[in-house]
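Thanks for coming, everyone. Please have the structure open while I talk. I'll take it piece by piece.

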Amino acid sequence: MNKSLLKKITSNQLFIPLLALFLLAIINLIVDPSFFKVTLGTNNEGNPVLSGYLITILDYGSELAILAIGMTLVTSASGGQDISVGATIAITGSAMLRVLCGSNTRPEQLAAPIIVAFLVACIVGMLCGAFNGALVSIFKIQPMIATLILFTAGRSIAAWINNNELPIVPDPKFKYFGGFIPGIPIPTTVFIVIICVIVTALILKFTNLGLYTQSVGINEKSSRLNGINPTMIKMLAFIFLGLCVAVASLIKVSRLATINYSVIAKDIEMDAILAVALGGNSLSGGKFNIWASVLGAYIIQFLTTTLYKFNVQSDALAAYKAVVVILLVVFSAPKVRESLSRLKTKKALKAVNKGETK
Amino acid sequence: MKKAIALTMASVVALSLAGCSSKETTKATTAAATTAAPTTTQAETTEASKETEATKTESSGLIKVGIINNDPNESGYRTANDADLKAMFTKENGYDASFAYSLKNDEQIQAAQTFIQNEVDYLLLSAADTAGWDTVLQDAQAAGVKVILFDRTIDADPSLYEASIVSDMKKEGQTAVDWLASQNLTEYNVIHIQGVMGSAAQQGRSGALDTKANAESNWTIVKQQTAEWNAEKAQQIVQSVIDSGASFNVIYAENDDMAKGAVAALDAAGISHGVGKDVIVMGFDCNKWALEELLAKNWNYDGQCNPFQASYIDSIIKDLEAGKAPAEKTIIMEEKGFDASTITQDDVNKYGIG
């Protein structure tokens, strides 16, 4: 009875991410309990804000969490990953600034309302997604190769949109999205993530998109025979990721009210893929759990923040993440799982034998 | 048997797919490259041919110079550098100048050969790469073309060029640290945000601060981290220090972008910064927007990385024309450090880049 309960827990998809989160929390609690301290202060505009490591994790993990939602769907439907999300953030962010600032890089006033700029960015993001999706679903190119195109060209395109100039947004309201809304001490990014999660949950609940995506990912042929259009489903997944990218770029650009084409959201695609893997989702497509991926995104940020706290050089962060990847890959490999379970049965057998000889 | 056939078929299909996809990639990237950067080679050849025609018809009162530079779109620094050269080497100033731009060494070498064939008097060079210049510079010497290096040095025998005009990153760091020391704080608790580790700018700008912090007992480096010239990383690093509760009163960021990221973290945490405030903010490169922050007294100091080499080159050419060799082969430019309490709007207009 107890054993079956344990097995149920360990075989749950959320087990690995939750275990990782628990371990990180324990390490931090032992080394320095003040890690979990959250204080209420005021920022330089005189508004109340919460601060502390936990708030930092929730705040800076937001972009990754949003990207992880889209990346999970793409992974599930296509059995591959989109490595162009960082470059696409540069494109959508650049388009957003272009609309906000017009042709003047240092405007006194906004050339267009923020909502218009955001909608334009969404359209641009979805177009980029559709481009990737078309290559993958219609031309049947491997997702990683197809998205390599925007990965290489994206940042040049972003620079070209603004004639290689760096516009600076004058309106303080634009900073709310990556900062704080006056009077609300919780980072705005947290609300943006919650909205994204709710919208996604509603879509998955009231449409068959989730089911169809999984079935296409598991077996494309039989899904087609069952009347599902795999091309359409894959396209939708990539377009949805494009939308997530646009939302993430709003946060990224808003944090500093400007953009640097060559470094904005650098290497974020790898973190997004890692989030999906940490969530226990199969990277070769099929069944997925979006909430596990979102959890994975926050774990990555938890790890990053912890490492910063321990004064690990930031150019060495990638190495630590690599260790996590290695552990994940090794433990989820079928061969290791098999031998682990064999080890268990052997032990059990030995115990039984010992009991008999006594 | 059937299985084997199926396998080979599958692999053929896979191969052809891979072929398609790689073609797609190269096409897209070349397309992007051509749209993003103006087709430099074409522009340069047509420009060069135009210039040669012009000089053939004109009297030889002008000094002919061929200028090889990196792509002006590379950075704000390069744009300012190119504009400065263009403003100096004009007909009014007695020059007949042709320009060639490339970020690739081989294209630059090709341009140099064209200039030598066109019999320029001076070849001005900001090399994309340090190696591979010996042969072409020997050709230049044989043809009697004098070479002046600017902004970047090369690995070649010094006898092959007349002079090289460069920035001294160590001195930039020293100027900044001296300025900081002159603020006479009782205690210095510094957050040191470094550039990409190993780059010339990082080594020069870090070196001076490291030495000072080791020598003085009241200088402490609270945190030393590389943010790789990235504003977002700088923001996270400073956020981490704030979360830890450690106290600090100086932010020494090795470029303007990272200083901006650091300031964003300070703003969110309600820590005041600037002239007469809690935290001193220091940056480098003198971007226009950064100098504007100084003018608004939000930052305290910005160190220059001087892109304005044209006047130095001009005076060397004037000397050489008069028969005087430059006193030193390597000429280090004067680089200022701007203090927020003394900076003026004129400084912003004159020295701000981008």
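**A walk through the model**

Let's start with one residue in chain B. Leaving aside residues up to four places away in sequence, Val147(B) touches Leu123(B), Leu125(B), Leu137(B), Ala140(B), Leu160(B), Tyr161(B) and Glu162(B). Keep in mind that this is a predicted model. Val147(B) sits in strand E4 of chain B, residues 146-150. Is Val147(B) buried or exposed? It has 23 C-beta neighbours inside 10 Å, so it counts as buried. The cut-off for buried is 20 or more. Now look along the chain to Asp339(B). Val147(B) and Asp339(B) are 192 residues apart in sequence, and their C-alpha atoms are separated by 37 Å.

Next, chain A. It is divided into two domains: domain 1 runs over 2-311, and domain 2 over 317-358. How far apart are the centres of domain 1 and domain 2 of chain A? Taken over C-alpha atoms, 33 Å. The contact takes 6 residues from domain 1 of chain A and 5 residues from domain 2 of chain A. On the domain 1 side, H12 and H13 of chain A each supply at least two residues. By class, that side of domain 1 of chain A has 5 nonpolar residues, 1 polar and no charged ones.

H12(A) covers residues 268-278, and H13(A) covers residues 290-309. They pack at an angle of about 120°, with their axes 7 Å apart. That angle makes H12(A) oblique to H13(A). The crossing of H12(A) past H13(A) is right-handed. Which residues meet there? From H12(A), they are Asp271(A), Leu274(A), Ala275(A), Val276(A) and Leu278(A). From H13(A), they are Ser293(A), Gly296(A), Ala297(A), Ile299(A) and Ile300(A). This contact of H12(A) with H13(A) divides into 7 nonpolar, 2 polar and 1 charged.

H12(A) has another partner to look at. Helix H5(A), residues 85-101, and H12(A) have axes that come within 7 Å and cross at roughly 125°. That makes H5(A) oblique to H12(A). H5(A) brings Val85(A), Gly86(A) and Ile89(A), and H12(A) brings Ile268(A), Glu269(A) and Ala272(A). The residues of the contact of H5(A) with H12(A) comprise 4 nonpolar, 1 polar and 1 charged.

Of its 8 residues, 7 are buried, so H3(A) is largely enclosed by the rest of the structure. The buried residues are Tyr53(A), Ile55(A), Thr56(A), Ile57(A), Leu58(A), Asp59(A) and Tyr60(A). What covers them? The cover includes E2, H4 (62-78), H8 (188-206) and H13 of chain A, together with helix H8 (231-244) of chain B.

That brings in the other chain. How many residues does each chain give to the contact between chain A and chain B? Chain A gives 38 residues and chain B gives 40. On the chain A side, the elements that give two or more residues are E1 (39-42), E2 (48-51), H3 (53-60), H7 (143-161), H11 (230-256) and H13. The largest share of that side, 10 residues, comes from H7(A). By class, the side of chain A that touches chain B holds 17 nonpolar, 16 polar and 5 charged residues.

Notes: Residues are numbered from 1 along each chain as its sequence is written. Chains are lettered from A and ligands numbered from 1 in the order in which they are written. This is a predicted model: local features need pLDDT of at least 70, side-chain atom pairs count only at pLDDT 80 or more; totals for chains, interfaces and linings use all residues. Axes are lines fitted to C-alpha atoms, for helices over the stretch in contact, and angles run from 0 to 180 degrees between N-to-C directions. Helices (H or I, at least four residues) and strands (E, at least two) are DSSP runs, numbered from the N terminus. Angles under 35 degrees count as roughly parallel, over 145 as roughly antiparallel, 65 to 115 as roughly perpendicular and the rest as oblique. A crossing is left-handed if the near helix is turned anticlockwise from the far one by less than a right angle, and right-handed if clockwise. Two residues are in contact if their C-beta atoms, placed from the backbone, lie within 7 Å. Ala, Val, Leu, Ile, Met, Phe, Trp, Tyr, Cys and Pro count as nonpolar, Asp, Glu, Lys and Arg as charged, and the others, Gly among them, as polar. Domain bounds come from an automatic or database domain assignment. A residue is buried if 20 or more other C-beta atoms lie within 10 Å of its own, exposed if 12 or fewer, and partly exposed in between; C-beta atoms are placed from the backbone.
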